[in-house]
Amino acid sequence: MNRAPAIIYSAVTLSAIIGLCTLYFIPPESLGYDVCFSRRVLNLSCAGCGATRATRALLHGDVAGAFHLNPFYVLLLPVLLYVWFVAGQHVFGARKPLPVFGMRGIAVILILMILFTILRNILRW
């Protein structure tokens with residue numbers, strides 16, 4: 001059995017946990033620059049703009065603040081966590097892994113992401 005996918009999945013998960021712990025203590029605003037490429041170069045907010053600050057707000061229990069920063073991300077986060085969990089089940093060979101979204105589900109998420117990006121730039125929210 002090839003163990004590389006399990007090692008990669010575990011390394012990425014551990015890296016994410018370390019990143020979340022760092023984000024809990026270090027606010028992204030303290031970095032002194034804007035990490036969002038689209039906002040820095042194009043002056044447009046992408047669907048992910050505010051996700052880092054929203055994650056920090058969620059880590060501190062501020063759901064309303066996180067929703068204000070990026071409502072799409074906050075609503076999509078449970079879906080993303082579910083997909084990551086299911087990916088782990090597949091990597092580690094679970095006998096009955098939970099179902100994954102089909103192409104229609106992915107298409108719906110992408111369409112919603114595009115619509116959110118357009119609306120947030122038109123409404124400047």
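**View 1. Helices that line the largest pocket of the predicted model.** In this predicted model, three helices each supply at least two residues of the lining of the largest pocket: α1 (4-25), α3 (51-59) and α5 (71-91). The largest share of that lining is drawn from α5, which provides 6 residues.

**View 2. Residues at the centre of the largest pocket.** The lining of the largest pocket comprises 14 residues. Nearest the centre of this pocket lie Ala16, Leu20, Leu77, Leu81 and Trp84. The volume of the largest pocket is about 400 Å³.

View 3. Of the residues that line the largest pocket, 12 are nonpolar and 2 are polar.

View 4. The protein contains 6 helices and 0 strands. Along the sequence, these elements follow the pattern α-α-α-α-α-α. The C-alpha atoms occupy a box of roughly 50 × 35 × 30 Å, taken along the principal axes. Among contacts in the protein with a separation of 6 or more, 54% join residues 24 or more positions apart.

View 5. The protein has 125 residues, of which 23% are buried.

Terms used:
Residues are numbered from 1 along each chain as its sequence is written. This is a predicted model: local features need pLDDT of at least 70, side-chain atom pairs count only at pLDDT 80 or more; totals for chains, interfaces and linings use all residues. Side-chain values use heavy atoms; hydrogens and water are left out. On a 1 Å grid over the protein atoms alone, a cavity is a set of points where a 1.4 Å probe fits but cannot get out, and a pocket is an open set with protein on both sides within 12 Å along at least five of seven lines; lining residues have an atom within 4 Å of a point. Grid points are joined across faces, edges and corners, and a volume is the space filled by probe spheres set on the points. Helices (H or I, at least four residues) and strands (E, at least two) are DSSP runs, numbered from the N terminus. Ala, Val, Leu, Ile, Met, Phe, Trp, Tyr, Cys and Pro count as nonpolar, Asp, Glu, Lys and Arg as charged, and the others, Gly among them, as polar. Buried means under 20% relative accessible area, exposed over 50%, partly exposed in between (1.4 Å probe, protein chains only). Contact means heavy atoms within 4.5 Å.
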